[in-house]
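Here is a short tour for anyone opening this structure for the first time. We'll begin with a pair of helices, then move on to domains and chains.

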Amino acid sequence: MLKAYWRDFVRFIPLLIELTARDFKLKYRRSFLGIVWSMLNPLLIMIVITSMFSILLKSPPSDMPFAVYYITGSTLFSFFSEATSSSMTSVIMNASLIKKVYIPKYIFALEKCAFSFINMLLSSIAMLMVVAFYVIQGNICPHITMFLIFIPLFFTFIFTVGIGLILSALTVFFRDIMHIWNVITTIWMYATPIMYPVELLRNHGLEWVIKLNPMFYFVDDFRNLMINGIVPDMSHFLLSFIICSVVLSGGLLLFKKVQDRFILHI
Amino acid sequence: MNTSDEKMIVSLDNVSMHFNMSGEKLDSLKEYFIKLLKRQLFFKKYVALENISFKICKGDVFGIVGLNGSGKSTTLKIISGILKPTKGKVSVQGTIAPLIELGAGFDLELTARENIYLNGAVLGHSKKIMREKFDDIVEFSEMQNFLDVPMKNYSSGMVARIAFSVATMVRPEILIVDEILAVGDFQFQEKCNKRIEEMMEGGTTIILVSHSIEQIEALCNKVMWLEKGKIRMIGGVDEVCSAYKNS
């Protein structure tokens, strides 16, 4: 049974690659700077936010420069929000295909996550540039632990795929989700310490928000490995692992359960 | 006719397909809960296929005839795995190339070159196979001069040429054809017919839906006649076709 699923998946890996390539081609077709925008965009947003906050806030969120603090968190979170919103509509968008050819339908949600992930890897270059800038300035020093960032990245990816599968399946039946998800990701972003220090929530007695927010663990581990040179303790990784397994298997099961009815609703 | 199990390539066993005929689609949560509360979530059931059983052997050219709405396309979609039947068992041995609607996998913003690879992947072919077959595909479609033009600028005949070439280039074990033989100009149509005949000689199993009884008579060896979701008659081409014409 599982073997059959695996064979089906392997057979459609070329499709996964082709669809991802299509998204890239269409995203940057006829643009002068092309793929450079994937790096330039987060950099420009960072500059805007940093200048805004340096006017509004007198104290930086931690001992690291705000620009570094912000861009490490936002790189990860933008991936999450971009990937979930695009995989949410992926099944509906490919209705014409689903109605005419047999394709394992989760491919579409997975493809959107993969596309956003590659996009994030490109925008990580912007993040590395900012980090390098502050290293040269002497504000922060580089740590060998930054080579471990693939661990929180991997967890974020799995978590995102799980959420993406759930959203794409439910959106077929309830289009309302398309409208509300944007609001939810905004709330979610403010519930994750990206622009403000973790202490801010602690001081307001809102620590439970962090504890319930899987994205916090990923972002925090990511930052610690990238900038602070701290390897999170195993319990953090274990917790991330459990969260990811639960969300991914939940997503897969839900998707599998309802996918045969997609065609009647798209 | 040999019906031993090893030569069986498609078999449908007591397959039924029901659709919900709720006048409108429920696309929003609000509607869903209102209807749930009003207990209006019981849909009218529409039976598209009822207890269909038949077998297709390797090398058969199997025709399906019937009036509009008799369940022909539903049957094809069930065989190709697009629809899951409500009841019953379907077993298919071998790869399927569905020519249900030409150009379904195309993204018209992309060029023909890009679309050929994309469509190949949609059909489950690896990039390596597609690279090998690419020149053949282009040659068959005769679209050499328009390869790098976005397909939104193509005429429908040109799109169909590319689509047919991709779908039939890698020889499938089962080819499903739903009324598409009217592709492009008459020269290309002849080419398509020739290719399908080549496939038949090469042992590909073909499932053909057509309203043209002449076409069915010319190509098929077995025919199934569907009427309102049930099998009215199944058997050799001559007896079924003559009964169908006299009905």
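This is a predicted model: local features need pLDDT of at least 70, side-chain atom pairs count only at pLDDT 80 or more; totals for chains, interfaces and linings use all residues.

On the α4(A) side, the residues that touch are A:V68, A:Y69, A:T72, A:G73, A:L76, A:F77 and A:F80, and their partners in α12(A) are A:M215, A:F218, A:V219, A:F222, A:R223, A:M226 and A:I227. Sort the residues of this contact by type and you get 11 nonpolar, two polar and one charged.

How do the two helices lie? Helix α4 covers residues 66–88 of chain A and helix α12 covers residues 214–228 of chain A; their axes come within 10 Å and cross at roughly 135°. Because of that angle, α4(A) counts as oblique to α12(A). As for handedness, the crossing of α4(A) and α12(A) is right-handed.

## Domains of chain B

Over in chain B, domain 1 is pieced together from 1–95, 172–183 and 190–247, while domain 2 takes up 102–171. Where these two domains of chain B touch, 12 residues of domain 1 are in contact with 12 residues of domain 2. Between them they bury about 1000 Å², with 67% of it on carbon and sulfur atoms.

## Chain A against chain B

How much area do chain A and chain B bury between them? The figure is about 2700 Å², and 60% of it is on carbon and sulfur atoms. Chain A brings 27 residues to this contact and chain B brings 33 residues. On the chain A side, keep an eye on A:E18, A:K100 and A:F174: they supply 22% of the area that chain A buries against chain B, more than any other three residues.

Note on methods
Residues are numbered from 1 along each chain as its sequence is written. Chains are lettered from A and ligands numbered from 1 in the order in which they are written. Side-chain values use heavy atoms; hydrogens and water are left out. Axes are lines fitted to C-alpha atoms, for helices over the stretch in contact, and angles run from 0 to 180 degrees between N-to-C directions. Helices (H or I, at least four residues) and strands (E, at least two) are DSSP runs, numbered from the N terminus. Angles under 35 degrees count as roughly parallel, over 145 as roughly antiparallel, 65 to 115 as roughly perpendicular and the rest as oblique. A crossing is left-handed if the near helix is turned anticlockwise from the far one by less than a right angle, and right-handed if clockwise. Contact means heavy atoms within 4.5 Å. Ala, Val, Leu, Ile, Met, Phe, Trp, Tyr, Cys and Pro count as nonpolar, Asp, Glu, Lys and Arg as charged, and the others, Gly among them, as polar. Domain bounds come from an automatic or database domain assignment. Buried area is the accessible area (1.4 Å probe) that two parts lose on being put together, summed over both.
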